[in-house]
Amino acid sequence: MTPHSLAFYMDVITSGTVLGAKPTVAPERVVEALGPDFAENSFDVHSMWRDYGMTEFFWSRESADHPWSGHHFTLQVHRLAHGRREAVEETLRARYGRFERRLRFEKLRRLLAKRGTALVEVPSDQSPHYRWFWQPESRVAVSVIGAHEEYITPGNLRVGDVYSITAPMTVEEVEWRKLRLRQHA
C-alpha cells in the first residue's frame, strides 16, 4: 500500500496538477483547490506568487489592466525537513494525512515506474549538487539532492532526497538544457 503523502506526489507527477489545478490556471481556481490560506507575494504589477506552505503557484500579466496568466507551480518539498506541521497546507493534510520529513527519490521513482510513469534525467547546470528528472507526458520536473556542499545544498537533506517538484518543464526547456551543457562541455 502506498502511504498517502506518496500518493499525493505521485498524483502531481502523473497529472501535472495540484488537486486538479494546472500551472496555467487563474488565482481563483487555485483558491478553489487549495483554499484561501496563503501568503501573496509580488515584485511588481507584472508578477505574483502565492505561498500555501509547501505549494507555490506563480502568475504573470502584461499590465495591471490584464488578467493573471498562470506560469508554474512548485512543491517546496525541502521545507518538510524542518519538521513544522504548517509546512504542508491544511487542504493537503486533510486529504492525504501526515507527510514525512523527507521524500526519498528512489522510492518515489520505483512507485511511479510500477504505475507505468517514467522519469528521465535531464541535464542540469546545478550538477552534481542537484539532479533533475522529468516526466515528459505531464511535464513535471523533480529536483533531487545529488551531492552535498556547504552553502549550496541544505544540511538537513540527504543525498537522494527530493528538493522540489515543479511544472511545467517544457520540451523546449529540456532541449535548451541539453544544448547549454553541450556548449559548456
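This is a predicted model: local features need pLDDT of at least 70, side-chain atom pairs count only at pLDDT 80 or more; totals for chains, interfaces and linings use all residues.

The chain carries 25 positive and 24 negative side chains, with the centres of the two sets lying 8 Å apart.

Five helices and eight strands make up the secondary structure of the chain, and along the sequence they follow the pattern α-α-β-β-β-β-α-α-β-β-β-β-α. The radius of gyration is 17 Å, close to the 16 Å that the globule rule gives for 185 residues, so the chain is as compact as a globular protein of that length.

| Property of the protein chain | Value |
|---|---|
| Span of the C-alpha trace along its principal axes | about 45 × 45 × 35 Å |
| Residues that count as buried, of 185 residues | 46% |
| Contacts joining residues at least 24 apart, among those between residues at least 6 apart in sequence | 48% |

In soluble globular proteins, nonpolar side chains tend to be buried together. Here the largest nonpolar core holds 41 residues, of which F8, Y9, M54 and I165 touch the most other members. Several elements each supply at least two residues of this core, including α2 (27-34), β4 (69-75) and β8 (162-167), while α1 gives the most, with seven residues.

Leaving aside neighbours within four places in sequence, I165 is in contact with several residues, among them Y9, V12, F73, L103 and V142.

How values were computed. Residues are numbered from 1 along each chain as its sequence is written. Side-chain values use heavy atoms; hydrogens and water are left out. Helices (H or I, at least four residues) and strands (E, at least two) are DSSP runs, numbered from the N terminus. The radius of gyration is taken over C-alpha atoms; the globule rule is 2.2 Å times the number of residues to the power 0.38. Buried means under 20% relative accessible area, exposed over 50%, partly exposed in between (1.4 Å probe, protein chains only). Contact means heavy atoms within 4.5 Å. Lys and Arg count as positive and Asp and Glu as negative; His and the chain ends are not counted. The place of a charge is taken as NZ of Lys, CZ of Arg, CG of Asp or CD of Glu. A nonpolar core is a set of buried Ala, Val, Leu, Ile, Met, Phe, Trp, Tyr and Cys residues joined through side-chain atoms within 4.5 Å.
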